[in-house]
Amino acid sequence: MKQTEIKTVEFLDPAIDEYVLSHSQAETGLLQHLNRETHRAVALPQMLSGHFQGRVLSMLSHMIRPKTVLEIGTYTGYSALCLVEGLQAGGKLYTIDVNKDLEPMVRHYFQQAGVSDRIEFRLGMALEVIPSIQAQFDLVFIDADKENYSSYYDCVFDRVSPGGYIIADNVLWSGKVLGDYASMDAETRSLVAYSEKIHQDPRVEHVLLPIRDGLMIARKR
């Protein structure tokens, strides 16, 4: 995601949101600490998946039971730590990010969680890094620069196992996807195009979940 100001819209009444959180599984102590440190010390902390979405990602990972996961967009490592929870024994999660300044923090938390041997963190442009990963993916999570969502989808699709999943974050983009197309910025247009691309792709089953800022879930037939 670009390092620009991001304004978010609350889709749920705050009281309902609080009720949902209070009746969802709590974050681990380590995830709570990472959440707080991200908000205290890192730019654009709203990019963090956070408590509720993190538990959703963990639940999806436990349901899918992937052998191999690819995450495009690491940020501070919160979502990777959630996704790795459902990984099969002996499985691997690959996560890619361009922000080298966050690498020490990311690696620290992976080590603290005891999953450094299960997560391979790679720095670089995802479209350049992905071809170098020798793996077939059971689950792909896209949460990086919005203009490239469709390119990421095309890049990974043939590497996703039949029955595997591609999950993309921020597809509601704080409701901006409902605006006038002619006045949309490049990021919003790209997200509209991505959702339409998935909706028109007969190779997948799909559902857009209005969770936090929107999760588009596509299952490869």
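Why does Gln46 count as partly exposed? Gln46 has 27% relative accessibility, and therefore counts as partly exposed, since buried means under 20% relative accessible area, exposed over 50%, and partly exposed in between, with a 1.4 Å probe and protein chains only.

1. Basis of the note. This is a predicted model, in which local features need pLDDT of at least 70 and side-chain atom pairs count only at pLDDT 80 or more, while totals for chains, interfaces and linings use all residues. Residues are numbered from 1 along each chain as its sequence is written, and side-chain values use heavy atoms, with hydrogens and water left out.

2. Gln46 has its place in the loop between H2 and H3, where helices (H or I, at least four residues) and strands (E, at least two) are DSSP runs numbered from the N terminus. Between the C-alpha atoms of Gln46 and Leu31 there are 15 Å, and along the chain these two are 15 residues apart.

3. The largest nonpolar core. In soluble globular proteins, nonpolar side chains tend to be buried together. A nonpolar core is here a set of buried Ala, Val, Leu, Ile, Met, Phe, Trp, Tyr and Cys residues joined through side-chain atoms within 4.5 Å. The largest one has 33 residues, and those with the most contacts inside it are Leu81, Leu83, Leu93, Phe110, Ile119 and Ile167. At least two residues of this core come from each of helix H2 (29–41), helix H3 (50–64), helix H4 (78–83), helix H5 (103–112), strand S3 (119–123), strand S4 (137–142) and strand S7 (215–220). The most is given by H4, with 5 residues. Apart from this core lies another, of 31 residues, among them Ile96, Ala144, Val160 and Val177.

4. Phe110 and its contacts. If residues up to four places away in sequence are not counted, Phe110 touches Thr74, Gly77, Ala80, Leu81, Thr95, Val115, Ser116, Ile119 and Phe121, where contact means heavy atoms within 4.5 Å.

5. Tyr94 in its strand. Tyr94 is found in strand S2 (residues 92–97), and with a relative accessible area of 11% Tyr94 is buried. The C-alpha atoms of Tyr94 and Glu120 are separated by 4.8 Å, although the two are 26 residues apart along the chain. Leaving aside neighbours within four places in sequence, the residues in contact with Tyr94 include Thr68, Val69, Leu70, Glu120, Arg122 and Phe137.

6. Aromatic pairs. A pair of aromatic rings is described by the distance of the centres and the angle of the planes. Rings of Phe, Tyr and Trp (its six-membered ring) pair if their centres lie within 6.5 Å, and planes under 30 degrees apart count as stacked, over 60 as edge-to-face and the rest as tilted. The structure holds 3 such aromatic pairs. The rings of Tyr149 and Tyr194 have centres 5.5 Å apart and planes at 80°, so this pair is edge-to-face. This pair links distant parts of the chain, for Tyr149 is in helix H7 (residues 149–157) and Tyr194 in helix H8 (residues 186–199), 45 residues apart. Both Tyr149 and Tyr194 are buried. The rings of Tyr153 and Tyr194 are likewise edge-to-face, because their centres are 5.9 Å apart and their planes stand at 85°. Ring pairs link Tyr149, Tyr153, Phe157 and Tyr194 into a cluster.

7. The contact of H7 with H8. The axes of H7 and H8 come within 8 Å and cross at roughly 35°; axes are lines fitted to C-alpha atoms, for helices over the stretch in contact, and angles run from 0 to 180 degrees between N-to-C directions. On the side of H7 the contact is made by Tyr149, Ser150, Tyr153 and Asp154, and on the side of H8 by Leu191, Ala193, Tyr194, Lys197 and Ile198.

8. Arg203 beside a ring. Arg203 lies over the face of Phe157, at 3.7 Å from the ring centre, where a charge sits over a ring if NZ of Lys or CZ of Arg is within 6 Å of the ring centre and within 35 degrees of the ring normal. The place of Arg203 is in the loop between H8 and strand S6 (204–209), and Arg203 is partly exposed, with a relative accessible area of 38%.

9. Most residues other than glycine have a negative phi.
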